[in-house]
Amino acid sequence: MTQLPRLAIGTIQAEADSRFLVWALLHLFVRRSLQPQHFHSRCCFFGVNGAQVASGEGSRHLDSWTMSAPLAQELFLRAARNSDLAVIEGRFDAALGNGHQVEERHAGGSLDQLCEWLGLPRLALIDVGDMQAHGLPPRPTADAVMLDRISGGDELRRIARQIQDAWGLPVLGGLPELPRIRETIRSTPADAELPLPLCAALCDALERYAKVPELLRLAGTGSWPASDASSDWEDARRVFESQPVTVAVAYDKIFHCHFLDTLDMLELLGATVVDFSPLHDDCLPEGTDLVYLGCGRPDLYQAQLADNVCMRMALLRHICEGRRVYAEGGGLAFLAEFLFTAEQQLAMAGLVPVCVRADQPQQPLRAVELQLAQDTWLGESGLTLRGYQNPNLHFEPTGEVAQVCGGPVDECNLLAHKQVIGSRVHLNFAAQPRALCSLVTPRKCSMARRS
């Protein structure tokens, strides 16, 4: 299994965008009757989910910031076990800038670190437009190169010779500019699925210039490093064996930002995972112990959500009966009293006494470490969690709500109301087995009142 062909594909320029070439490459592998498994190199969500459309499989996540090496290796092997090859996408450390070192606790996970942990061959992506403006970047730690935004075959061959002379690295293909297709994709709403014809068009363009046999040969050169087996799941397994649990996961065109790694591990450990739609369903799945509301855009469907009174009452009953809800980002906005955007004030479900403010323009997520300052059902005081904060959302309590992490009130990264826990931070619980264990442990904790 450790001989599974695998590639790390990463940008080495600060402003380069790897998505278009990676989606084209994933679909190209599918055309060659290969099933790729795509991974992001950070536990973040990245807008339009083109990788799932391109490959036919949902993206998983690996992250050197939130995971230990043994845990990353275990999650990689589990997620990729039924695939023909794996593609890990991200940004190499070189993209941070010449000689500019950013501490990992601020920058988040490192693709370079994952390459060491997983024995990944490295494919550096170079944006030709950026190169023309700023020159050839410093030589990366890489095994080969691919080019993005080429004008055609002549430019590909010319730059390939330049890179071979300067770096001694082969260029294994390039993707043309395709301005109309890229602009269409950029204008696609983040909550929408990438249309398959756009993905196919990217693939058609790459297929003319990609050296697929060489890419597959490179993918097979990785050497799996020696490592200790992960024992992070032993406590979680014991909990699941003693206490079956049903997790109802909100999933529809509004709520679609879930870490599939977390859902994979819940099912592997014995939980029953059932999806439901806050938009269309009138009740929660039978026997629900935990409602899991991931991030999404409830502001785009406020009227339809408000019309579904039955689902609102089902959630209210679930909360009043002392059962648990975990709501992240847009999931908490749905439960809140109001959601304030730059354009309007929207009345939401009103199940948690909090208002949510969404800022514009959008800022990138940032790596944060949280420590629980009081006991909750998610974990005991002192438990450390790592994830990526959404700085564009702000929680403003209006009633009996506890801030369960230390820090300034205006941060309010984790809050609790009854048995509801809301998070401003994207948490991949597969990366944090202690928290995953707590996530499904049916116990109550008293909530400190907000001062």
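This is a predicted model: local features need pLDDT of at least 70, side-chain atom pairs count only at pLDDT 80 or more; totals for chains, interfaces and linings use all residues.
Residues are numbered from 1 along each chain as its sequence is written, and side-chain values use heavy atoms, with hydrogens and water left out. Local features need pLDDT of at least 70 and side-chain atom pairs count only at pLDDT 80 or more, whereas totals for chains, interfaces and linings use all residues.

**View 1. A salt bridge joins Arg60 and Asp264.** A salt bridge is defined here as a side-chain nitrogen of Lys or Arg within 4 Å of a carboxyl oxygen of Asp or Glu, and the structure holds 17 of them. In this pair the N to O distance is 2.9 Å. Distant parts of the chain are linked, since Arg60 belongs to strand β3 (residues 60–61) and Asp264 to helix α12 (residues 260–268), 204 residues apart. Helices (H or I, at least four residues) and strands (E, at least two) are DSSP runs, numbered from the N terminus. Arg60 is buried at 12% relative accessibility, while Asp264 is partly exposed at 28%. Buried means under 20% relative accessible area, exposed over 50%, and partly exposed in between (1.4 Å probe, protein chains only).

**View 2. Arg78 and Glu74 form a salt bridge within helix α3.** The N to O distance is 3.1 Å. Arg78 is partly exposed, with a relative accessible area of 28%, and Glu74 is buried at 13%.

**View 3. The side chains of Arg149 and Asp127 meet in a salt bridge.** Their N to O distance is 2.8 Å. Because Arg149 lies in strand β6 (residues 144–150) and Asp127 in strand β5 (residues 122–127), the pair ties together parts that are 22 residues apart in sequence. Asp127 is buried, with a relative accessible area of 8%, whereas Arg149 is partly exposed at 28%.

**View 4. Arg31, Arg32, Asp204 and Glu207 belong to one network.** Salt bridges that share partners join these four residues.

**View 5. The structure holds 0 disulfides.** A disulfide is taken as a pair of cysteine sulfur atoms within 2.5 Å. Cys43 is in no disulfide, and its nearest cysteine sulfur, that of Cys44, is 7.3 Å away. Cys43 is buried, with a relative accessible area of 1%. For Cys283, the closest cysteine sulfur is that of Cys310, at 8.8 Å, which is too far for a bond. Cys283 is partly exposed, with a relative accessible area of 42%.
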